[in-house]
Amino acid sequence: MSKEKINFIRNFCIIAHIDHGKSTLADRMLESTKTFEKINVGQVLDDMDIEQERGITIKSHPILMDHVVDDIKYKFNLIDTPGHVDFTYEVSRSMAACEGALLLIDATQGVEAQTVSNTYLAIEADLEIIPIINKIDMHNANVNDTVQQIKELLGCNENDIISISAKVGTGVDNVFNHIINKIPHPIQSNHNNLQALIFDSYYDQYRGVVIYVRVFSGHITKNMNASFFKYDKTHEILEVGILKLERVETSVLNEGDVGYVIINIKDVSKIKVGDTLTSIENKSDIPLPGYKPIKPMVFSGMYPVDSKDYENLKISLDRLKLNDSSLFYEPNTSTALGFGFRCGFLGPLHMEIIQERLEREFDLNLISTCPNVSYKVDLKNLEKIVVNNPSDMPDPTLIDKIYEPYISAELILPKEFIGSIMKLCTSHRGVYKSTKYLSVDKVQILFEM
């Protein structure tokens, strides 16, 4: 791609704590750029029925917007991300496809737990962060306090912070100006070898596997032969295109672009999110960094009500893992429930959503067991084992030590609740680490639990 064209591309995501207005801001941006006419339905990008019913974002959603300033046409690739802690992996994957992030903070709530967590993720991913205060039109908005909290969190100047109301559209034009002026354009590579990061994928029952990619170097066209680093076969590329509200087929995806690729593949388990797509024609020998493998936090067994559905459940989990790579599963047998799978999730909400998606999208009827965690056990004969199920715990006389999972818990709360929260944590064997004042009224406490 020519240097001039790549200069007019901006790839960015919107990050925030849950319910701070990410999807509403995305809607206003789609309206402003005429990508979508007046939006009367809530949250256009939250297109899954579970997202609409619960009013939360579960999947990150990429979309291309064209924005014209002084007769220059900019390409904005926006990725709207979830806010709930159980979907943090979605956020980190989206960030790998971007150069910048819009950090949205609700003026009525201030900086919250996921605000801090997502900020650290963005800093780690080396993104340009644009802080935005939302909901300034609310009667209980406290803009001054929120500004102080953001300055404390990011170490930025007050002039760097934008104030908006995503609901009514106040200040959205200012967001566009900051995106153009502050977020860097993709870096031009000095070679033509194809390197495209797979940051998401899903299974289309009519077309097969659809992969979402960010092209870092080279270009992708139809009829090229795709090859991967974590899978040794090659497959013909059947279609490439950009992501508007629907998939729009194009002739080529150039470096800096975010788009989709459809390949001729039947075995969906071979496509790994975080892998690098390259081609036989312009093969790259070096993969992109990809992602850290994610650790499941909560485990539960899933079994079909009708044992004949076991094979369907296996296929459904394979296809769902394409779309949610933080899902872990392995075959499991229960004396009471028969054949099923032991699944690992990032948290209880993640578990609930996965079960609901399996039942709705794949028409399955499932029984899930009570969520638990894994323990490491040192036996007296020096053997070390991992216990995933309470029924697998060895005889107490054989056990030397048992290790349980530990978390580093970051609690953000109003200062008047410090005493009662510390009492609650210590009564659950929490080990106090530190306290930090984010503002006059807001405190961050760290515990190991």
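Arg429 is placed in the loop that runs between helix H10 (418-427) and strand E24 (431-437). The structure under discussion is a predicted model. Across the whole structure, a search finds 12 aromatic pairs. The largest nonpolar core has 36 residues, and helix H2 (residues 22-32) is largely enclosed by the rest of the structure, because 10 of its 11 residues are buried.

**Residues with positive phi**

- Arg429 has a phi near 65 degrees, which is a positive value in a residue other than glycine.
- With a relative accessibility of 57%, Arg429 counts as exposed.
- Lys135, also not a glycine, has a positive phi of about 65 degrees.
- The position of Lys135 is in the loop between E5 and helix H6 (143-154).
- Lys34 follows H2 and has a positive phi, near 60 degrees.

**Aromatic pairs and cluster**

- Phe8 and Tyr74 form an edge-to-face pair, because their ring centres are 5.5 Å apart and their planes stand at 85 degrees, where an angle over 60 degrees is the cut-off for that class.
- This pair links distant parts of the chain, 66 residues apart: Phe8 belongs to the loop between helix H1 (3-6) and strand E1 (9-16), and Tyr74 to strand E3 (residues 72-80).
- Phe8 is partly exposed at 28% relative accessibility, whereas Tyr74 is buried, with a relative accessible area of 9%.
- Tyr74 also pairs with Phe76; the ring centres are 6.4 Å apart and the planes are at 45 degrees, so this pair is tilted.
- Both Tyr74 and Phe76 are buried.
- One aromatic cluster is formed by Phe8, Phe12, Tyr74, Phe76 and Phe176.

**Charged groups over rings**

- Arg214 places its charged end over the ring of Phe216, at 4.2 Å from the ring centre.
- Arg247 places its charged end over the ring of Tyr260, at 5.6 Å from the ring centre.

**Nonpolar cores**

- Within the largest nonpolar core, of 36 residues, those with the most contacts inside it are Cys13, Ile15, Met95, Ile150 and Phe199.
- Leaving out residues up to four places away in sequence, Phe199 touches Pro62, Ile79, Arg93, Ala97, Tyr212, Val213, Arg214, Val258, Val273 and Tyr291.
- A second core of 25 residues is separate, and includes Ile63, Leu78, Ile164 and Ile183.

**Helix H2 and its surroundings**

- H2 packs against helix H7 (residues 172-182) at an angle of about 85 degrees, and the two axes are 10 Å apart.
- H2 and H7 are therefore roughly perpendicular to each other.
- At their contact, Leu25, Arg28, Met29 and Ser32 of H2 meet Val172, Val175, Phe176 and Ile179 of H7.
- Phe176, one of the H7 residues that meet H2, is also a member of the aromatic cluster.
- The buried residues of H2 are Lys22, Ser23, Thr24, Leu25, Ala26, Asp27, Arg28, Met29, Leu30 and Glu31.
- The cover over these buried residues includes E1, strand E2 (61-69), E3, strand E4 (100-106), strand E5 (128-134) and H7.

**Pro405**

- Pro405 is found in the loop between strand E22 (399-403) and strand E23 (408-414).
- With a relative accessible area of 41%, Pro405 is partly exposed.
- Not counting residues up to four places away in sequence, Pro405 touches Val373, Ser374, Tyr375 and Met449.
- Pro405 and Lys5 are separated by 400 residues in sequence and by 50 Å in space, C-alpha to C-alpha.

**Gly338**

- Gly338 lies in strand E18 (residues 338-345).
- Gly338 has a relative accessible area of 25% and is partly exposed.
- Apart from neighbours within four places in sequence, Gly338 is in contact with Tyr303, Asn332 and Thr333.
- Between Gly338 and Val305 there are 9.5 Å in space, C-alpha to C-alpha, and the two are 33 residues apart in sequence.

Note on methods. Residues are numbered from 1 along each chain as its sequence is written. This is a predicted model: local features need pLDDT of at least 70, side-chain atom pairs count only at pLDDT 80 or more; totals for chains, interfaces and linings use all residues. Side-chain values use heavy atoms; hydrogens and water are left out. Rings of Phe, Tyr and Trp (its six-membered ring) pair if their centres lie within 6.5 Å; planes under 30 degrees apart count as stacked, over 60 as edge-to-face and the rest as tilted. Helices (H or I, at least four residues) and strands (E, at least two) are DSSP runs, numbered from the N terminus. Buried means under 20% relative accessible area, exposed over 50%, partly exposed in between (1.4 Å probe, protein chains only). A charge sits over a ring if NZ of Lys or CZ of Arg is within 6 Å of the ring centre and within 35 degrees of the ring normal. A nonpolar core is a set of buried Ala, Val, Leu, Ile, Met, Phe, Trp, Tyr and Cys residues joined through side-chain atoms within 4.5 Å. Contact means heavy atoms within 4.5 Å. Axes are lines fitted to C-alpha atoms, for helices over the stretch in contact, and angles run from 0 to 180 degrees between N-to-C directions. Angles under 35 degrees count as roughly parallel, over 145 as roughly antiparallel, 65 to 115 as roughly perpendicular and the rest as oblique.
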